[in-house]
Amino acid sequence: MAETVGEQQACPVCDTAGIADDAYRFDGMCTACGFVIHDSAENDVKPDWVRSDEATTNSEQDSWNEFCRITNATEEQLAAAFETIEDFADQLPLPADIRETAAQVYASAFNAELTDGRATESMIAACVRAGSIQADKPIPTRRLTGLKPVSDGTFRGCYRDLEGEIDLPAAGVSPESYLWFFDQALSVNESTIDRTREELQSINGANTLIGKDPAGIAAATLYRAGETITQQTVAEAAGVSTETIRLRAADIREVVE
């Protein structure tokens with residue numbers, strides 16, 4: 001039976017008030033959708049084509065809602081990752097090219113589902129390390145693992161996963177390539193950087209230094225070249241101990257003398 005809207009009958013299908021009540025032997029016909037209204041309790045049941053359309057609409061709405069949830073979650077995760085990169089840039093020298101490359105590395109890792117179940121900060125630290133190497137401006141690993149709340153173990157696991165997804169230089173990172181970082185972190189004058197570079201080139205390939213941390217070697221060489229640079233200063237910049245600087249400086253002295 002038709003519902004009543006104000007003083008008029010309303011179609012039970014489309015809720016339109018336009019009912020033609022002169023339809024033969026029936027209570028009326030909807031002028032909007034054409035539904036014939038019977039004087040029967042069965043009129044409370046909507047026709048199959050209406051129920052089918054509603055089911056399709058609900059299904060589409062459910063799919064859209066699910067898509068929105070996924071899209072929003074994806075955007076939130078990426079936004080959180082990029083914000084972490086900016087947070088790291090407040091603590092370390094991170095030029096725009098490194099930040100951009102790190103973001104690209106993270107996006108690749110995200111698409112490969114490598115970020116699932118990983119702590120964002122540790123994964124981002126690994127992406128920054130990989131991005132800095134790709135940009136030929138490596139950042140000392142221990143400076144990255146020293147950031148809170150980065151976990152050293154998780155960082156290394158993330159980095160191993162990244163190595164399988166992105167192209168990194170096969171030859172590794174040389175001590176000389178870290179000079180840009182120390183220059184930025186310590187505001188070293190150009191002449192000191194030049195002397196450090198010359199000594200690094202002179203000791204390149206020395207057996208005594210094989211297997212030693214390149215950042216530690218660079219930091220110790222910088223300490224030797226800088227008249228006013230202390231062991232503590234370069235140790236903090238490299239993320240190593242002053243004992244490491246002392247030992248590497250002794251190794252370098254042995255090679256050059």
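Buried, in this talk, means under 20% relative accessible area, with exposed over 50% and partly exposed in between, using a 1.4 Å probe and protein chains only. At 4% relative accessibility, Leu 92 therefore counts as buried.

Some ground rules. This is a predicted model, where local features need pLDDT of at least 70, side-chain atom pairs count only at pLDDT 80 or more, and totals for chains, interfaces and linings use all residues. Numbering starts from 1 along each chain as its sequence is written, and side-chain values use heavy atoms, with hydrogens and water left out.

The overall picture next. The protein has ten helices and five strands. Those are DSSP runs numbered from the N terminus: helices are H or I with at least four residues, strands are E with at least two. Of the 257 residues, 37% are buried. Contact means heavy atoms within 4.5 Å. Among contacts with a separation of 6 or more, 61% join residues 24 or more positions apart.

Back to Leu 92. Where does Leu 92 sit? In the loop between helix H1 (48–89) and helix H2 (96–111). Leaving out residues up to four places away in sequence, Leu 92 touches Ile 139, Arg 143, Leu 144, Leu 147 and Phe 181. Ala 237 is 145 residues from Leu 92 along the chain, yet their C-alpha atoms are separated by 9.6 Å.

Next, Thr 145. This residue lies in helix H4, residues 141–145. Thr 145 is buried too, at 14% relative accessible area. Its side chain reaches the backbone oxygen of Arg 142 at 3.4 Å. Beyond four places in sequence, Thr 145 is in contact with Val 150, Asp 152 and Phe 155.

Last, a helix pair. Two packed helices are described by the angle between their axes and the distance between the axes. Here, H7 (residues 190–203) and H8 (residues 214–225) have axes that come within 9 Å and cross at roughly 125°. That makes H7 oblique to H8. Oblique is what remains once angles under 35 degrees are called roughly parallel, over 145 roughly antiparallel, and 65 to 115 roughly perpendicular. The axes are lines fitted to C-alpha atoms over the stretch in contact, and angles run from 0 to 180 degrees between N-to-C directions.

Who makes the contact? From H7, the residues include Thr 192, Arg 195 and Leu 200. From H8, they include Ile 217, Thr 221 and Arg 224. By class, the H7 contact with H8 has six nonpolar, three polar and three charged residues.

Technical notes. Polar contact = N/O pair within 3.5 Å; in protein donor to acceptor, adjacent residues only side chain to side chain. Nonpolar A, V, L, I, M, F, W, Y, C, P; charged D, E, K, R; others polar.
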